[in-house]
Amino acid sequence: GPTADLPPAANQTQTARAGSLALRHPIPAWQAVLLGLASVALVLAAWWYVTRGESGEERIISAVKMPSPRETLEGFPSLWFNQALTRNLLVSLRRLVLGFGLAALVGVPVGILCGCFTRVHAFFVPWTIFGRNAPMAALISLTFTLFGTGELQKVMFLFLACVAFIISDAARAVADVGSQYVDTAYTLGATRRQVITKVLVPLAMPDIFNSLRLLFGLAFGYIMLVETFTAEGLGGVGYILNFAMSRGGKKEHIYLVLMIIPLVALGIDRVLYWVQRQLFPYRYGTAGLLHWLVYGCLKAWEDVWSWIWPPRAAWQHLSLPSVQQQAPTS
């Protein structure tokens with residue numbers, strides 16, 4: 001090659017340089033952090049540059065359209081106290097948990113059935129395609145018509161907006177499980193129910209949970225969308241945005257909410273990612289604290305269920321004699 005005649009030191013340097021420029025080459029964690037901070041600093045510097053100056057003539061963008069970073073931070077006390085940021089944020093989180101939790105409660109079992117049985121998947125395909133491509137504005141109008149403007153409307157909107165994505169992702173996760181695992185389970189004498197509950201579902205759950213974690217962040221945007229149409233008194237962060245965009249609102253609150261909501265979503269995502277790593281240690285190489293806790297609970301439930309409803313071999317001796325046993329001998 002071209003480096004065959006180079007001395008060893010130069011050869012190693014050129015090899016390291018080529019590796020650092022290779023596609024999808026991993027970088028150290030400190031470089032990733034510095035690059036992320038540099039990106040944020042670049043955006044803040046551009047924001048400061050276009051809003052610098054006191055009067056409207058000195059600015060590239062006037063204060064009416066975009067406040068400066070300093071003016072935005074000065075509006076935080078009024079957002080915290082006058083607009084009750086924490087209470088409205090808790091209201092939005094409660095709606096989000098109820099709506100998304102209902103979608104997960106329905107979507108995950110249906111998606112598992114779709115991934116296991118082709119006919120079930122064919123039955124639900126039209127509805128998942130419709131749900132994944134339905135415009136959100138149309139869903140808002142539909143839920144207003146069916147459920148009014150109260151809390152139920154917001155929960156059902158989140159349910160309808162998320163359930164199709166959950167079904168599709170859960171079905172794909174089950175379908176992606178290798179057929180060799182299913183064939184091995186059948187070879188060992190497993191029934192169809194055991195293949196589903198002991199092979200397909202456990203192997204697909206890491207991908208299903210990861211999809212739920214990502215979709216939860218997407219649902220944050222949906223709740224903000226539906227709350228902009230809420231009536232006064234129902235609260236929510238979306239209502240703060242709607243009020244800030246009105247004639248008497250403060251534009252600083254819009255930018256503050258746009259910075260606060262991603263930070264809250266990021267914090268929730270990191271917590272869910274920790275739960276994900278602890279639930280599936282065989283995928284992420286962790287201690288698996290939650291995995292062993294869930295495993296112990298499921299094992300205890302199986303023991304209790306087997307005691308309440310023992311296997312057929314354990315109670316066959318309690319059954320009545322068969323007709324052949326009762327028939328007289330000739």
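User: Let's start with one residue. In which helix does Thr72 lie?

Analyst: Keep in mind that this is a predicted model. Thr72 lies in helix α3, which spans residues 69–74.

User: And is Thr72 buried or exposed?

Analyst: The idea is to compare the relative accessible area with a cut-off: under 20% is called buried. Thr72 has 0%, so it counts as buried.

User: Which residues are in contact with Thr72, leaving aside its neighbours within four places in sequence?

Analyst: Trp47, Pro67, Glu252, Tyr255, Leu256 and Met259 are the ones in contact with Thr72 once those neighbours are set aside.

User: Zooming out, what does the secondary structure of the protein chain come to?

Analyst: You'll find 16 helices and zero strands. Of the 330 residues in the chain, 33% count as buried. For the surface, the accessible area is about 21400 Å², with 68% of that belonging to carbon and sulfur atoms. And if you take contacts between residues at least 6 apart in sequence, 64% join residues at least 24 apart.

User: How do I read burial for a whole helix? How many residues of α11 are buried?

Analyst: Go residue by residue, then ask what does the covering. Helix α11 runs over residues 237–244, and six of its eight residues are buried, making it mostly covered. The buried ones are Val237, Gly238, Tyr239, Ile240, Leu241 and Ala244. Their cover includes α4 (76–81), α5 (85–116), α10 (192–227) and α12 (251–279).

User: Now the charged residues. How many salt bridges does the count come to?

Analyst: Here's the general idea: side chains of opposite charge can pair when their charged atoms come close. In this model the count comes to nine salt bridges. One of them joins Arg95 and Glu151, with the closest N and O atoms 2.6 Å apart. That pair links distant parts of the chain, since Arg95 is in helix α5 and Glu151 is in helix α8 (residues 151–175), 56 residues apart.

User: How accessible are the two partners, Arg95 and Glu151?

Analyst: Arg95 is buried at 0% relative accessibility, whereas Glu151 is partly exposed at 25%.

User: What does Arg213 form a salt bridge with?

Analyst: Its partner is Asp269, and the closest N and O atoms are 2.8 Å apart. Arg213 lies in helix α10 and Asp269 in helix α12, so this bridge ties together parts 56 residues apart in sequence. Arg213 is buried, with 9% relative accessible area, and Asp269 is buried too, at 17%. Asp269 also meets the side chain of Arg270 in a salt bridge, 2.8 Å from N to O. Arg270 itself counts as partly exposed, at 44% relative accessibility.

User: On to the rings. How many aromatic pairs does the structure hold?

Analyst: Ten aromatic pairs. To read one, check the distance between ring centres and then the angle between the planes. Trp292 and Tyr295 are edge-to-face, 5.9 Å centre to centre with 85° between the planes. They sit three residues apart in helix α14 (residues 289–308), so about one helical turn separates them. Trp292 is exposed, with a relative accessible area of 55%, while Tyr295 counts as partly exposed at 47%. Elsewhere, ring pairs link Phe100, Phe216 and Phe220 into a cluster.

How values were computed. Residues numbered from 1 in each chain as written. Predicted model: local features only at pLDDT ≥ 70, side-chain atom pairs only at ≥ 80, totals over all residues. Heavy atoms only, no water. Buried < 20%, exposed > 50% of the residue type's maximum accessible area, 1.4 Å probe, protein only. Helix = DSSP H or I, 4+ residues; strand = E, 2+ residues; numbered from the N terminus. Contact = heavy atoms within 4.5 Å. Areas by Shrake-Rupley, 256 points an atom, 1.4 Å probe, with all protein chains shown as cover. Phe/Tyr/Trp six-rings, centres within 6.5 Å; stacked < 30°, edge-to-face > 60°. Salt bridge = Lys/Arg side-chain N within 4 Å of Asp/Glu carboxyl O.
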